[in-house]
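Let's take a walk through a protein model together.

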Amino acid sequence: MNLRNELEKAAVERRLWSAGDCIVVAVSGGPDSMALLHMLSVLSKENRLTVIAAHVNHGFRVEESAHELMVVRAYAEQLGVICETVTLDMPAYIEETRMNGQAASREKRYAFLHEVSARYGASKIALAHHADDQAETVLMRLIRGTGLTGLAGMLSKRREKNVELIRPLLRMNKSDLLRYCEDYHIPYCTDSSNKERHYFRNIIRLDILPYLSKHNPQLSQSLQRLAEVAGAEDEWMEKQTEALFAQLVTLSPNECAISCNDLHGLHVALQRRLIKLILSYLSKETEKISFEQIETMRLAASAHAPATWRIDAGAGIRCAREYDRMRWISETQLASSETGAYMYEVGMGTTGLVVEPCGWTFEIVRTSALEGRKPMSRYEAIFDASELSYPLVVRNRRPGDRIQVLGLNGSKKVQDMFVDEKIAPLKRELYPLLFDAAGRLLWIPGIRRSSHALTETHTKDVLFIRAGNE
């Protein structure tokens, strides 16, 4: 009864389920999951829960796996619990996909659990990880290298797709679960692969933990406590980071941006977390982005860092500093900005133009006199149309492009103009330039017009152009 009382207490404290919930229990056939199935089946009557057992035969240990399936199915029937099973050919799947065996098995196992959940309208999937598993997980992550999030180990609940994964046994020890199985005559199977040392977790369980426990007999409990403390602090830090994300980060399709001052003004711990949250917002495959990469991006926002800078952040994301802003752009956005050259023709009768690759628009008016039209900003320009060769062309920059700058002797590289005006490097590739058919660069909208086709008071054929990039 004590373990069931603990389970109920944990469920209330951590809000693992509510009355009326349907819970799919992942049952391997081992003592932990069989004990969990028994506890939930007993509690289901008092808590108005619907319990569904789900078992996956991975097909690795042919005879053992077949026996486990039979044991799970028979015990579920004894408890009056619906049992869903599936038999997979994981060796064939691993050979076909070349995936890591454990990763492939987890992928297929969770896919089945989600499938069963959808079929029965379940809101929870219960997993039988216990306190000893938690200690092993924390130690594994310590050895491999981790931060506060990793030290939190496995969470008691987290959302995945449209269901919550819950771990009701995280505070219970393996020895107590074995005793519970004995007390209630619960059948279970022993997985022979748990003794194979080519799995890192097994080395932790069989060799490293026992050795370290000689120096601290309470090591497992210490690691479990570390996970509890780290988990609570990690959750608080994450909420702070989410609030800062909403407050400081500018979002646009496939892109996040933040002021360098805002980012670097935060505590270093929040800087790192905010960068990780930005990366996670843009991609679901950020696990392999290293601490060193995060640190490189963080330091790039400092006052002493170069004003323009870029790096491939991994997971299909590019990070760039553009003067006083940091930008993270996903591969979708990058693909659209790096597809190469574009070119739009502007005929004599053209009155408007939308340049889709860069999002700029052009309003074009041709009149027989100036009629009071004068440029009111650098986003407007007028030309003597009689001195232009048609069709005009709007295109992006090419190597060697130069402009005959009005008011200066000689020409200047467009690239140098962009640098002088602090145009962000990632925007330079798509920035629109206006040429005539003779190849003369007439205007860099928002920056400078050339000395070609200047108007006079007596000009009779005037071309007025207004550009916009909003």
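Which strands each supply at least two residues of the lining of the largest cavity? They are strand S14 (360-367), strand S16 (392-395) and strand S22 (462-468). Strands here are DSSP runs of E with at least two residues, helices are runs of H or I with at least four, and both are numbered from the N terminus.

Before going further, a word on what you're looking at: this is a predicted model, where local features need pLDDT of at least 70 and side-chain atom pairs count only at pLDDT 80 or more, while totals for chains, interfaces and linings use all residues. Residues are numbered from 1 along each chain as its sequence is written, and side-chain values use heavy atoms, with hydrogens and water left out.

Back to that cavity. A cavity is a set of points, on a 1 Å grid over the protein atoms alone, where a 1.4 Å probe fits but cannot get out; its lining residues have an atom within 4 Å of a point. Grid points are joined across faces, edges and corners, and the volume is the space filled by probe spheres set on the points. The count comes to one cavity of 30 Å³ or more, and the largest cavity has a volume of about 40 Å³. Its lining includes Val346, Leu353 and Phe362. By class, the lining has nine nonpolar, no polar and no charged residues. Nonpolar covers Ala, Val, Leu, Ile, Met, Phe, Trp, Tyr, Cys and Pro; Asp, Glu, Lys and Arg count as charged, and the others, Gly among them, as polar.

Now look at strand S15 (residues 380-384). Five of its five residues are buried, so S15 is largely enclosed by the rest of the structure. Buried means under 20% relative accessible area, exposed means over 50%, and partly exposed is in between (1.4 Å probe, protein chains only). Glu380, Ile382 and Asp384 point one way from S15, while Ala381 and Phe383 point the other way. S15 and S22 run antiparallel and are joined by five bridges. One of the lining residues of the cavity, Ile465, turns up again here: Ile465 in S22 is the bridge partner of Ala381. A cis peptide bond joins Tyr390 and Pro391, with omega about 0°.

Next come the sheets. Strands of a sheet pair through backbone hydrogen bonds, either parallel or antiparallel. Two strands pair if DSSP finds at least two bridges between them. Contact means heavy atoms within 4.5 Å. Inside the sheet, S1 (residues 22-26) and S4 (residues 124-126) run parallel and are joined by three bridges, with Val25 standing opposite Ala126.

At 4% relative accessibility, Leu127 counts as buried. Leaving aside neighbours within four places in sequence, its contacts include Ala26, Tyr110 and Leu165.

A second open sheet has five strands in the order S7-S8-S11-S10-S9, with antiparallel pairing. S7 (250-252) and S9 (308-314) stand at the edges with a single partner strand each, so one side of each has no neighbour in the sheet. The twist here averages 15° from one strand to the next. Helix H12 (residues 268-282) packs on this sheet, its direction making about 30° with that of S11. Ser330 belongs to S11 and is buried, with a relative accessible area of 4%.

Finally, visit Arg15, in the loop between helix H1 (2-14) and S1. Arg15 is exposed, with a relative accessible area of 65%, and its phi is near 55°, a positive value in a residue other than glycine.

Notes:
1 Å grid on protein atoms, 1.4 Å probe; cavity = no way out; pocket = protein on both sides within 12 Å on 5 of 7 lines; lining within 4 Å. Axes fitted to C-alpha atoms, helices over the stretch in contact; angles between N-to-C directions.
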